[in-house]
Structures are given as C-alpha cells and as structure tokens.
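Hi everyone, thanks for coming. Let's have a look at this one together on the screen.

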Amino acid sequence: MKGITSRSNPWFKAMRQDVRQAGRGRGEGGVWLEGVHLCQEYLQRVGAPVWAVFDARRLEKGGGADGAARGSGDAEAGPDAALQGLLQAVPPDRVVAVPPDMLEQLGDVAGAQGVGFWVNHPGVRHPAALDGDWVLLDRLQDPGNVGSILRTCAAAGITQVGLLAGSAAAWAPKVLRAAQGAHFALKIVEHLEPDWVADHLRVPLCVTTLEGGSDLYSQDLHGPRAWLLGHEGQGVAPHWLGRADQRVFIPQEPGVESLNVAAAAAVCLFEQRRQRRVVTVR
C-alpha cells in the first residue's frame with residue numbers, strides 16, 4: 001500500500017487533474033467513484049479498480065489488516081468496517097492512503113465516506129442497431145433525474161440506455177451518486193444524434209405525452225420497445241412525437257402538476273415489467 005501525505009506529490013497532482021477532467025467531460029479516460037456503496041458495487045460487478053484511494057486516518061482507526069479480519073463480521077466494528085472490507089478486496093499495489101483533506105480534494109462531496117475508486121471508463125460504442133428494449137433520454141439536463149432513471153432501468157430489467165446529444169453526462173459524479181451503482185448493470189451509450197437514432201431504431205418508439213396519448217394502463221407493453229423521455233421543461237420534442245408508434249399518458253388526479261420525468265419513467269417501466277411478468281400458479 002502506498003502512502004502519500006503531500007499535495008505536491010506527482011501522483012496526487014495527476015490524479016486530481018484526471019478526476020476534475022472526468023467530472024466535467026465525457027469521461028472516456030476514467031471515472032471517479034466516491035463512497036463505500038459505489039465502490040462495493042464496482043468490485044462486485046466489475047472487479048478491482050485502477051486505484052483505490054482511502055482516508056488514511058480512518059484506516060488507522062480501523063486497526064489495519066488484523067483489525068479488518070477481526071471486524072469483518074462484527075456488527076460492532078463501526079462504519080469503518082466497510083472500508084476495511086474494501087481494503088482487503090483490492091490488490092495492495094493499487095491502494096493509496098492519503099490524509100482526509102487530500103481525499104476531499106479529489107471528490108466533490110464534503111464529508112465523503114473515506115474511499116474513492118479511479119476506474120476505467122467502459123467506453124461503450126454505438127450499437128449497429130437499436131433493437132430489444134431501450135430507454136432513450138432526450139436532452140435531460142438534471143443529473144439527479146438521469147441517475148434516478150438509470151437506477152430505475154436496472155431495477156426494471158432494461159439494460160440498454162441511450163443519451164441523446166444535450167443530455168447530462170452519464171458518468172458525472174452527481175449522476176453516479178443518484179444511480180447508486182446502476183451504471184455497472186447497464187450498457188450506456190452517450191452522445192447519440194437524433195438522425196442516427198431515427199435511422200437505426202428497429203423497435204417501436206413509445207413516448208409519454210398528453211397530446212394524443214392513450215392511457216398507459218390500456219396499452220400492450222409485452223413486446224420490445226424504445227421509451228423516449230424528453231426534456232424536463234419542454235417534454236418530448238415535436239420531432240419525436242411525429243415518429244412515435246405509441247403515445248401514452250399516466251392517468252392522475254385532475255389539477256395536479258404532471259409527474260417529474262424520473263417518476264414517470266419508473267411508472268412506465270414497472271407497468272411494462274408487470275405486464276411481462278410470468279406468474280406461476282402452484
């Protein structure tokens with residue numbers, strides 16, 4: 001395990017720059033995962049990170065390797081027992097311990113949970129065609145909405161998600177936190193152009209709209225389809241309304257504002273899941 005205490009250390013300076021670039025760009029070079037849960041999900045679904053950066057002070061409180069062995073199954077070991085578990089799961093030559101203030105400089109969350117992973121960006125390429133089930137996000141701006149929808153997709157069994165040009169970056173820190181590890185269960189394709197999507201779509205396109213829409217619960221959702229979810233304020237663009245094979249609305253109480261796009265996505269995708277569910281009668 002490598003210990004670093006100086007902000008002028010070349011490794012630390014390079015890592016800080018990489019993390020900042022990943023947070024505001026497309027993130028092809030790498031992704032910064034912050035917090036115990038995200039790191040645990042990555043280890044479980046993908047494997048060891050490129051680098052695991054720990055709060056050295058919290059590791060010391062946990063008692064090192066011997067303390068981890070004693071506390072791994074002990075409910076009284078405290079919150080840092082999870083850090084010790086992560087420490088044991090990562091190859092030692094990929095572990096770096098830094099003071100807490102230096103770890104906070106890498107992330108953007110005050111009072112972080114004492115660990116961050118630097119991992120390779122999955123770099124998913126455009127598919128040859130959009131077939132099977134998809135969720136397409138058209139210019140969604142809010143990272144929390146994007147992350148929540150990714151989390152819903154994973155829970156509802158939709159593994160293919162496309163973000164059209166103008167949407168929030170899928171691997172940005174706020175999206176990662178909102179998705180809570182769903183990224184690692186999905187195939188996420190970013191920066192799709194509308195014309196490309198229209199030319200390569202091989203399944204029916206379904207949009208949510210009050211304009212000429214039908215009750216969601218009256219629709220047959222058994223077959224594969226692409227759900228297109230529009231901008232938070234502007235909704236689905238007229239271009240997509242004209243191409244849609246299905247227009248649906250979610251019935252709700254009159255006089256109430258329409259649902260947030262992330263909430264609407266959850267209702268639609270789980271109604272689809274409900275219809276497809278095979279119930280075995282014993």
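Predicted model: local features only at pLDDT ≥ 70, side-chain atom pairs only at ≥ 80, totals over all residues.

Residues are numbered from 1 along each chain as its sequence is written, and side-chain values use heavy atoms, leaving out hydrogens and water.

Back to the strands, which are DSSP runs of E with at least two residues, while helices are H or I runs of at least four, both numbered from the N terminus. Strand S3 (residues 51-55) pairs with strand S5 (residues 115-119) in the antiparallel sense, over four bridges; pairing takes at least two bridges found by DSSP. They belong to an open, mixed sheet of five strands, ordered S1-S4-S3-S5-S2. Strand S1 (2-3) and strand S2 (31-34) are the edge strands, each pairing on one side only.

Now to helix H11 (residues 261-276), and Gln 275 within it. Is Gln 275 buried or exposed? Gln 275 counts as buried because its relative accessibility is 14%; buried means under 20% relative accessible area, exposed over 50%, partly exposed in between, with a 1.4 Å probe and protein chains only. Leaving aside neighbours within four places in sequence, Gln 275 is in contact with Gln 219, Asp 220, Leu 221 and His 222, contact being heavy atoms within 4.5 Å. The side chain of Gln 275 also reaches the backbone oxygen of Gln 219 at 2.9 Å.

Methods: Polar contact = N/O pair within 3.5 Å; in protein donor to acceptor, adjacent residues only side chain to side chain.
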